[in-house]
Amino acid sequence: RRKNKTKRENWKRSNIYKTMISPKLKTILLISIPLFGLHALEEYIFKFYLLDPSFAWVGNIFNYTPATVFLVEQVLGLFLILLTIYKPRKILLVIIGLIFIVEISHPIIAIFSHLYAGLLTSIPLIVVGILYWKNLLSRE
């Protein structure tokens, strides 16, 4: 019986269950919070939720407006960053990294379609995303 408890305790301490993040990575995540907040504000002001059909699609499923879906998505995104800071897990770190990668779409969309919603604040987010991935990959 004692062996089972020891195995369970070892599993909880294993690298799969819990991940530590470096102080530099934590700082990058903390810097990204106000940047993502400003980015959400810029997208809201320029009505990005009307340009991206996914907000209308999700809104139709749950019977909400695209603006409501957009705001809920932004709040969940900020919550995800906070959760990653306080309870870091590898999957959360990768998801945050993928969100940074998605920000590359703003300059690309601006070049090809002349839609500028979210463009100004996406530039610093792309820079922070590069630093994030560089730090994340260098510590593994």
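This is a predicted model: local features need pLDDT of at least 70, side-chain atom pairs count only at pLDDT 80 or more; totals for chains, interfaces and linings use all residues.
**View 1. The crossing of helix α6 and helix α8.** Helix α6, which covers residues 90-102, and helix α8, which covers residues 119-138, have axes that come within 9 Å and that cross at roughly 145°. The crossing of these two helices is left-handed. On the side of α6, the contact is made by L93, V94, I96, G97, L98, F100 and I101, while α8 contributes L125, V128, G129, Y132, W133 and L136. Sorted by class, the residues of this contact between α6 and α8 are eleven nonpolar and two polar, with no charged residues.

View 2. A pair of aromatic rings can be described by the distance of the centres together with the angle of the planes. The count for this model comes to eight aromatic pairs. In the pair of F36 and F100, the ring centres are 5.4 Å apart and the planes stand at 40°, which lies between the limits of 30 and 60 degrees, so the pair is classed as tilted.

**View 3. The largest pocket and its lining.** About 320 Å³ of space lies in the largest pocket. Its lining consists of 17 residues, and those nearest the centre of the pocket are E43, E73, Q74, I99 and E103. Two or more lining residues come from each of the elements α2 (23-45), α5 (66-86), α6 and α7 (105-113). Of the elements, α5 gives the most to this lining, with six residues. When the lining of the largest pocket is divided by class, there are eight nonpolar, five polar and four charged residues.

**View 4. The surroundings of P107.** P107 is found in helix α7. Leaving aside residues up to four places away in sequence, P107 touches L119, S122 and I126.

Conventions
Residues are numbered from 1 along each chain as its sequence is written. Side-chain values use heavy atoms; hydrogens and water are left out. Axes are lines fitted to C-alpha atoms, for helices over the stretch in contact, and angles run from 0 to 180 degrees between N-to-C directions. Helices (H or I, at least four residues) and strands (E, at least two) are DSSP runs, numbered from the N terminus. A crossing is left-handed if the near helix is turned anticlockwise from the far one by less than a right angle, and right-handed if clockwise. Contact means heavy atoms within 4.5 Å. Ala, Val, Leu, Ile, Met, Phe, Trp, Tyr, Cys and Pro count as nonpolar, Asp, Glu, Lys and Arg as charged, and the others, Gly among them, as polar. On a 1 Å grid over the protein atoms alone, a cavity is a set of points where a 1.4 Å probe fits but cannot get out, and a pocket is an open set with protein on both sides within 12 Å along at least five of seven lines; lining residues have an atom within 4 Å of a point. Grid points are joined across faces, edges and corners, and a volume is the space filled by probe spheres set on the points. Rings of Phe, Tyr and Trp (its six-membered ring) pair if their centres lie within 6.5 Å; planes under 30 degrees apart count as stacked, over 60 as edge-to-face and the rest as tilted.
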